[in-house]
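User: I've got a model open and would like to talk through some of its side chains. Can you take my questions one at a time?

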Amino acid sequence: MTRSESREAAFVLTFEQFFLSDESAEDIIAGASECGTLRMSQYALNVFRQVCERAPALDEQIARHLKGWTLERISPVCRSILRVALAEIAADFCPVGVAINEAVELAKKYGTDDDYAFVNGLLGAVAKELGTPEEALQAEALPEATEDEELPVQPQEQ
């Protein structure tokens, strides 16, 4: 699996969490495994677990950068994409520019026509808050060549 495919799997799990909010991260992973339709990698599982662990802080970070919007007004698709990107950045899984670029691509694929611009703007504001230089964002936005090993999905022991 490519790293982009792994991010997409993490996004799908994060999106599912909106509809299965009473389920634990491991239950959602187990459900995805039982269905067998979602390819998984360790990277995807790690990102999703980071999203689950950090969800309140990620939502707070998103809310701080909203102008004239409330968190509840953001679609589950956009919020899931933002959570995945911010979790990757917070856990230092990849450079900031890569997380932003990949989030924009997910928004183009799964969001509405304007979602990609919203995602790009909000994550750009977060990057500025973090002190990421503009030149670094441009240089880091190159596609990654990393391949992640696809896994048979098994929930972690709790």
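User: Is tyrosine 43 buried or exposed?
Analyst: Keep in mind that this is a predicted model. Buried means under 20% relative accessible area. Tyrosine 43 comes in at 10% relative accessibility, so it counts as buried.

User: Which aromatic residue pairs with tyrosine 43, and how are the planes arranged?
Analyst: The count comes to 5 aromatic pairs. In one of them, the ring centres are 5.7 Å apart and the planes are at 55 degrees. That makes a tilted pair, and the partner of tyrosine 43 is phenylalanine 93.

User: How many residues apart in sequence are the parts this pair of tyrosine 43 and phenylalanine 93 ties together?
Analyst: Tyrosine 43 belongs to helix H3 (residues 42–64), while phenylalanine 93 is in the loop between H4 and helix H5 (96–110). So the pair ties together parts that lie apart in sequence by 50 residues.

User: Which charged end sits over the ring of tyrosine 43?
Analyst: There's an arginine involved, with its charged end 3.9 Å from the ring centre. The residue is arginine 3.

User: What is the relative accessible area of glutamate 88?
Analyst: Glutamate 88 lies in helix H4 (residues 76–90). Its contacts include Arg7, Tyr43 and Phe93. Glutamate 88 is buried, and its relative accessible area is 1%.

User: How many disulfides does the structure hold?
Analyst: Cysteine 78 is buried at 3% relative accessible area, and cysteine 94 is buried at 6%. A disulfide needs cysteine sulfur atoms within 2.5 Å. The number of disulfides in the structure is 0.

Notes. Residues are numbered from 1 along each chain as its sequence is written. This is a predicted model: local features need pLDDT of at least 70, side-chain atom pairs count only at pLDDT 80 or more; totals for chains, interfaces and linings use all residues. Side-chain values use heavy atoms; hydrogens and water are left out. Helices (H or I, at least four residues) and strands (E, at least two) are DSSP runs, numbered from the N terminus. Buried means under 20% relative accessible area, exposed over 50%, partly exposed in between (1.4 Å probe, protein chains only). Contact means heavy atoms within 4.5 Å. Rings of Phe, Tyr and Trp (its six-membered ring) pair if their centres lie within 6.5 Å; planes under 30 degrees apart count as stacked, over 60 as edge-to-face and the rest as tilted. A charge sits over a ring if NZ of Lys or CZ of Arg is within 6 Å of the ring centre and within 35 degrees of the ring normal. Lists of a residue's contacts leave out its neighbours within four places in sequence.
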